[in-house]
Amino acid sequence: MTQSHPRISKAVIPAAGLGTRFLPATKATPKEMLPVVDKPAIQYVVEEAVSAGLDDVLMVTGRNKRPLEDHFDRNYELESALQKKGDAARLAKVQQSSDLATMHYVRQGDPRGLGHAVLCAAPHVGQEPFAVLLGDDLIDPRDPLLQRMIEVQEQHGGSVVALMEVAPEQIHLYGCAAVDSTVDSDVVKVTGLVEKPDPADAPSNYAIIGRYVLDPSVFGVLRETEPGRGGEIQLTDALQQLAQDEKLGGPVHGVVFKGRRYDTGDRGDYLRAIVRLACEREDLGPDFRSWLRSYVTEEM
């Protein structure tokens, strides 16, 4: 008989990073506000949470992140100007971000890693399971990864991580999971986790990507977790404890994702993400693809 677990309604988006890989662009502009075609990356992430039924969103921010709050707030002067011009299309785009979700904000005063950022959400989340979405990973809305993760959590309880198979030589860039198979082809039981292992020591080529559905017991574990790799409190280390001792907060499962993912945390992948998304846009795609073919042909 399927167990009943509390319905997930809250999403947490850590957004306190400095964005050093994108300097000097991120000297005064949060990396989450860098545009992917014509929307900031962070808006794609909030839209994904809302599409999965999570319209209560807590953003964990830091210094110089005020533009994030401004983007999801009303801009009455701009709205009034567009309304007077009769520009209904652009007015709708401006209002969309402020109407997406109920937004909350908390500052991570001391940047001590992803685990610490998640811990900052404890007072808001309380004793409910919740989702964590990292802004560097954009998931195509045609591939509802988060919805599937919520289904798995509601079925099994505990926590769920998103996994993706990567080349062995790339596993050192990710958290890595040791897994056992289950009756569902896209779901595995996580038996262990390690943060950015040497390829020779990696238990698998299943990499953790930036989506989590977490049991609130993770907060208690994070409070006791010592700084790990890089001197930071690693969420992976806390999940490793949960995977090894289910009495702490239930099992840890993984959903193996094989869909479309756009990595905006690396400059090269960021550019590739923009090109792919622009090519698929109905309003931009036809002309842009034609230009791109001509450009590649000329350059080759």
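Predicted model: local features only at pLDDT ≥ 70, side-chain atom pairs only at ≥ 80, totals over all residues.
Two strands pair if DSSP finds at least two bridges between them.

Residues are numbered from 1 along each chain as its sequence is written, and side-chain values use heavy atoms, with hydrogens and water left out.

**Entry: strand S11**

I looked up the pairing of S11. Strand S6 (residues 130-133) runs antiparallel to S11 over 4 bridges. There, valine 132 has tyrosine 212 of S11 as its bridge partner. Strand S8 (residues 159-165) also pairs with S11 in the antiparallel sense, over 6 bridges. In that pair I find valine 160 bridged to valine 213 of S11.

Is S11 mostly covered or open? It is mostly covered, with 9 of its 9 residues buried. Buried means under 20% relative accessible area, exposed over 50%, and partly exposed in between (1.4 Å probe, protein chains only).

**Entry: the largest pocket**

I wrote down the rule for open space. On a 1 Å grid over the protein atoms alone, a pocket is an open set of points where a 1.4 Å probe fits, with protein on both sides within 12 Å along at least five of seven lines; lining residues have an atom within 4 Å of a point. Grid points are joined across faces, edges and corners, and a volume is the space filled by probe spheres set on the points.

The largest pocket has a volume of about 1600 Å³. I count 48 lining residues, and Arg21, Lys31, Leu134, Asp136 and Lys196 lie nearest the centre. Helix H5 (114-119), strand S11 (206-214), helix H9 (235-244), strand S13 (261-263) and helix H10 (267-280) each give two or more residues to this lining. S11 gives the most, with 4 residues. By class, the lining holds 20 nonpolar, 14 polar and 14 charged residues. Here Ala, Val, Leu, Ile, Met, Phe, Trp, Tyr, Cys and Pro count as nonpolar, Asp, Glu, Lys and Arg as charged, and the others, Gly among them, as polar.

**Entry: the second largest pocket**

The second largest pocket has a volume of about 870 Å³. Its lining has 37 residues, with Lys39, Gln43, Tyr44, Glu47 and Gln96 closest to the centre. Which element gives the most to this lining? I find H1, with 6 residues. The classes here are 14 nonpolar, 7 polar and 16 charged.

Most residues other than glycine have a negative phi, and most peptide bonds are trans. I checked for exceptions.

The peptide bond from leucine 23 to proline 24 is cis, with omega near 5 degrees. Leucine 23 sits in the loop between strand S1 (10-14) and strand S2 (35-36). Leucine 23 counts as partly exposed because its relative accessible area is 49%.

Asparagine 64 has a positive phi, near 65 degrees. I place asparagine 64 in the loop between strand S4 (56-61) and H2. Asparagine 64 is at 56% relative accessibility, so it counts as exposed.

Lysine 196 also has a positive phi, of about 45 degrees. Lysine 196 is in the loop between strand S10 (187-195) and S11. With a relative accessible area of 34%, lysine 196 is partly exposed.
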